[in-house]
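This report goes through selected features of one structure.

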Amino acid sequence: MKRPERVAVIGVGILGASVGWNLSRHGAKVVFIDAGQPGEGVTNWSFSWVNASNKTTRKSYFDLNVAGMAAYRELARTIGPDSWWYPSGHLRWADDPAAETKLLKTAEQLANWDYRAEVYTGAEVCRRLEPALTMPSEVPVVFYPDEAWVHGRHLVSRLVGQAVASGAELRSGTAVYDIDTGTDGSIQKVALSDGSCLDVNIVVNAAGPSASHVAELIARHLPMRREPGAVTRIDCTQVPVHRAMHAPHIEIRPDGDASVVLHSREVDALIDTGEDPAQLARLLHESARQVVPELGNARIAQTRVAHRPIPADGFPSVGAVPSVPGYYEAVSHSGITLGPVIGPLLASEILSGERNEMLADFRPERFPP
């Protein structure tokens, strides 16, 4: 493999951290650049659910997410799982006949794709898995035992810390405001908002919601959806749930020993109607209390509305942009699940020049200039 002289990784969420860590492991000179702090953007304000059960619209996308799940297990063995890796499975159930039928049909499809899915009654779940839940005793509940959740900020800190210890550089609290290219169109320099200028020959655009702006710096159009999402953390004396779950109208997962994360697509739909974050948090908390009564006494700690980094067609944009030698993208809404598989695949492409077939459907050039 050839070794780039210097790689600028723009954006240090889970995708940027994974790409940079893998490059650093193979001897590349990496500089991480983030306008904020590593792992504290969308990565820290995500439901952080590692899964492929919600990725069935395209088989290649499902397969990539399954590979991401496997990559997490390997990563946990490599760097140690403590503080960030929670492979406790995932529960999902519905409260109306149409949604219930769709849920069970999806579970059947997944089973046909050799993806483990187990169906229990509500009574069995409350007795065997989650005694703090309140749900109808006969409602079918799908349990995906191979799914997980991750503490994204802790994982990013671990990856970046190891890369820096191996010689990588971290520039946090400063944004990229310009990218210079040579007469042949190749990457030459990045200019930062702190006044510094870095000589680089590779740029990885992993800037999440700001990825389209970074792309504009090389005169590239990267169309992105606008999909804001509200996430609330509530503090608990004792966390009453043991795994991530999609209950009717609310998503709930643990967030360590004294906190729970809440999210809801239904609440997200209110963001553009003028609801303030405090009201969104109250709605999330009330929905969670209906499912887990013990959460009624919990305290709302933090709420953030973050913009999901979703390319216009809903699928990742990963790989080289041939018209700009040295420029690569790593942009995806599923960054939490996909980080540990996109990281090594993109690092290998950068270092060897060879594209992996697993990424064939997600190439940046599908978006015209």
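How many aromatic pairs does the structure hold? The structure holds 11 aromatic pairs. Rings of Phe, Tyr and Trp (its six-membered ring) pair if their centres lie within 6.5 Å; planes under 30 degrees apart count as stacked, over 60 as edge-to-face and the rest as tilted.

This is a predicted model, in which local features need pLDDT of at least 70 and side-chain atom pairs count only at pLDDT 80 or more, while totals for chains, interfaces and linings use all residues. Residues are numbered from 1 along each chain as its sequence is written, and side-chain values use heavy atoms, with hydrogens and water left out.

**Aromatic rings**

Two of the pairs are set out here.

| Pair | Distance of centres | Angle of planes | Class |
|---|---|---|---|
| W84 and W85 | 5.8 Å | 40° | tilted |
| Y86 and W149 | 4.0 Å | 5° | stacked |

Y86 belongs to strand β4 (residues 85-86) and W149 to strand β8 (residues 148-150), so their pair ties together parts that are 63 residues apart in sequence. Helices (H or I, at least four residues) and strands (E, at least two) are DSSP runs, numbered from the N terminus.

Buried means under 20% relative accessible area, exposed over 50%, and partly exposed in between (1.4 Å probe, protein chains only). W84 is buried at 0%, and W85 is buried at 13%. W149 is buried at 2%, whereas Y86 is partly exposed at 28%.

One aromatic cluster is formed by F62, W113, Y115 and Y144.

**Charges over rings**

A charge sits over a ring if NZ of Lys or CZ of Arg is within 6 Å of the ring centre and within 35 degrees of the ring normal. The charged end of R58 sits over the ring of F315, 3.9 Å from its centre. For R233, the charged end sits over the ring of W45, 4.7 Å from its centre.

**A sheet**

Strands β10, β11 and β12 form an open sheet in that order, with antiparallel pairing. Two strands pair if DSSP finds at least two bridges between them. Five bridges join β10 to β11 (residues 187-192), and I179 has V190 in β11 as its bridge partner.

**Loop residues**

S48 lies in the loop between β2 and β3 (49-50); its phi is near 55°, a positive value in a residue other than glycine. S48 is buried, at 2% relative accessibility. H249, in the loop between β15 (244-247) and β16 (250-254), has a phi near 75°, also positive. H249 is partly exposed at 39%. Most residues other than glycine have a negative phi.
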